[in-house]
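Q: Could you take me through the disulfides of this protein, one by one? I would like to know where they sit in the chain and what surrounds them.

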Amino acid sequence: MELLRRPIFSLLLLLSLPISFPSISLGSAVQGEDGHREEEFTEELLLKPLPDRKVLAHFHFENTAQRTQSYGRHHHLFPKAISQLVKKFAVREMELSFTQGRWNYESWGGFDPISSSNAKPPGVELWATFDVPPDQVDASWKNLTHSLSGLFCASINFLESSATYSAPEWAFQPASGNLRYGTLPREAVCTENLTPWLKLLPCRDKAGISSLMDRPSIYRGFYHSQRLRLRPAKIIADGADSGIVLEQTLTVVLQPNGFRTKSSHSSENKISPTWAMSSLLGRKIEGRCVLAKSSNVYLQLERGLVAELNALKENQEFVGTTVLNDDLIKNPAFEISVKPDWVLKEVGNLPTGSSSLMYGYSIGKSTDSGPFDLHLTWKSPMVWSCPRPPLHASRFLMGSGNERGAIAISLRSTGLNEGLYGSNKDKESCVLPVNVFQVVPWYIKVYFHTIKVFIDEQRKAVPDVIEKIRVSPSEDKVLPGVMEMVLKLPCGVKSAAMTLEFDKGFLHIDEYPPDANQGFDIPSAIITFPNVEAAMHFNQFSSSDKSPLLSRFREKNPVQSYTEVLLVPLTTPDFSMPYNVITITCTVFALYFGSLLNVLRKRASEEERLLRAKGRSSPLSRLLAKLRRKKEVEPQSSTTSSSLFSSKLVVKIILVAAIAICWQYFG
């Protein structure tokens, strides 16, 4: 009877699973006992054509977890490895990025949320804030770097040394007393870093938008940056946060395949190449991730492109042939293969006067009829430009030789500062604040008192331009040099430059990397415009009211840009000389000790026995001995042989000792 009850009980248990866990079967969110959603996951993709005939693909995944009793021990959607890491090391905010290539601020823009938040310096960049006492921040930072190094198969543990990280106070956002910042400019980025990053997603790369991440397609791009950002979800009245949000973004700049096959002298090159998601990323979207609350794809048209399309309304060539609506879906410039589910238009105070457009597609609706693949076909040439930051920042080295040099930071006007402050640029009270944050390694001895500032190619007094400055001098093998400053530039400035002199230090031979002759890297400087915000507001529809990507666009973050990574050549020793010395020394010692041991191990009595044995074995010698009736060996021969060998032994020992003494004295 008991055996019959067990199958019935198992069957009832299986039938009750969908009723007991409706949120897991539906896959959109996990709800708690009070009806509130404890965990949510969304996936979004943004495609944007660029003026230089390239395409920007921006993947955005967001995972939210509320703080519950099981927080850090068990999760349905939120990655357990990240939650345990946050709980163990008391991490409040953190950002980690792996980047290959450099963002082109002149062609791809620098005055939009993507370029300000996702354009990162080459290599690895890590910053974090901790909810621990100030004396425990460094220990938490070191433990965090080791954990992230093992989690993402990278050399992040090199940031544990105090000579590789710094503690910004106010020039780096977000400014906090428990903030630590470090970079590894030469860190190589490969699939070993992308695979652990994808494993943090609920569906990994098996379903949904993440299935488009084909490795060969991503790594052949001109620029790609994978980013992981942790931040608190909400701030409760008592000051505590209600949960944590994990943002995972992947920004890739790709070149359509059709552009490379055309001849450079063809007239068709003026037209941007036609592209599709399958040709750019190598795959189509077969369906949405069942665990995602929303799965959307956006196609964004820049303000400059929309302005050019609106200018076609006044062109008599297209009057009567094509009607341009406000959504610009039907236009003579390009054609979209899939009709969007909704169209969003940018609203608010726009600096250029034109607004951006956003075409939205819901993957759940589009994949019902088959795989989703968006095509964009260009019909006529279009020329436009992306919005750039008020000042274009660049950095370079001055001087020559292996003894000293100078670092120069140049700021050139892009015309946006005149548009933002056009009405007040003639007033003396109008200033454009610029924050500069720069970290130099300890072996670059920067003389901060040698700073020189030039405005419109005219040298100015330092107090007249630098409003605030904080300097932390470097300490050999202990601390890097840190410089934070606030520049107050006139609103109508055309160019500004700043120079710093430095001396090149010397490293121990054990501190040189294997490729020391290539040079040593100085991390990128960070230029921030605190009064210029990179925010975009779109008119919301019901399907996009809770879009995390559009919510990030609405955040008022300051415009930020990174300069180039500098390559400084240092004096390097002749690494072949130690090899030559070791080789010849080992050869001499081998000859010396070999000869000495050979002499010391020989014995005269053994040689005599060998000679006797050899003499006895000869039939001729035995026959002659019998005929002459003499012994084979006279008794005196033993004494003579012993004296002969003893004299030879003494001579050899004296000779070897004399050679060793001469070598030690003259060598």
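A: Let's begin with the term itself: a disulfide here is a pair of cysteine sulfur atoms within 2.5 Å. Keep in mind that this is a predicted model. A search of the whole structure turns up two disulfides.

Let's take the pair Cys430 and Cys491. Their sulfur atoms lie 1.8 Å apart. The torsion about this S-S bond is about -95°, so the disulfide is left-handed. Cys430 sits in the loop between helix H13 (416-420) and strand E18 (431-440), while Cys491 sits in the loop between E22 and E23, so the bond ties together parts of the chain that are 61 residues apart in sequence. Both Cys430 and Cys491 are buried.

Now for the other pair, Cys203 and Cys289. Here, too, a disulfide is formed, with the sulfur atoms 1.8 Å apart. The torsion about the S-S bond of Cys203 and Cys289 is about 70°, so this disulfide is right-handed. It links distant parts of the chain: Cys203 is in the loop between H7 and H8, and Cys289 is in the loop between helix H10 (277-281) and strand E11 (294-301), 86 residues apart. How accessible are these two cysteines? Cys203 has a relative accessibility of 14%, so it counts as buried, and Cys289 counts as buried with 0%. The cut-off behind that word is a relative accessible area under 20%.

If you count the bonded cysteines along the chain, the disulfides follow the pattern 1-2, 3-4.

Arg204 is partly exposed, with a relative accessible area of 42%. Most residues other than glycine have a negative phi. Lys477 also has a positive phi, of about 60°, and is not a glycine either. You will find Lys477 in the loop between strand E21 (466-472) and strand E22 (481-490).

Cys386 has a relative accessible area of 4%, so it is buried.

Note on methods. Residues numbered from 1 in each chain as written. Predicted model: local features only at pLDDT ≥ 70, side-chain atom pairs only at ≥ 80, totals over all residues. Heavy atoms only, no water. Buried < 20%, exposed > 50% of the residue type's maximum accessible area, 1.4 Å probe, protein only. Helix = DSSP H or I, 4+ residues; strand = E, 2+ residues; numbered from the N terminus.
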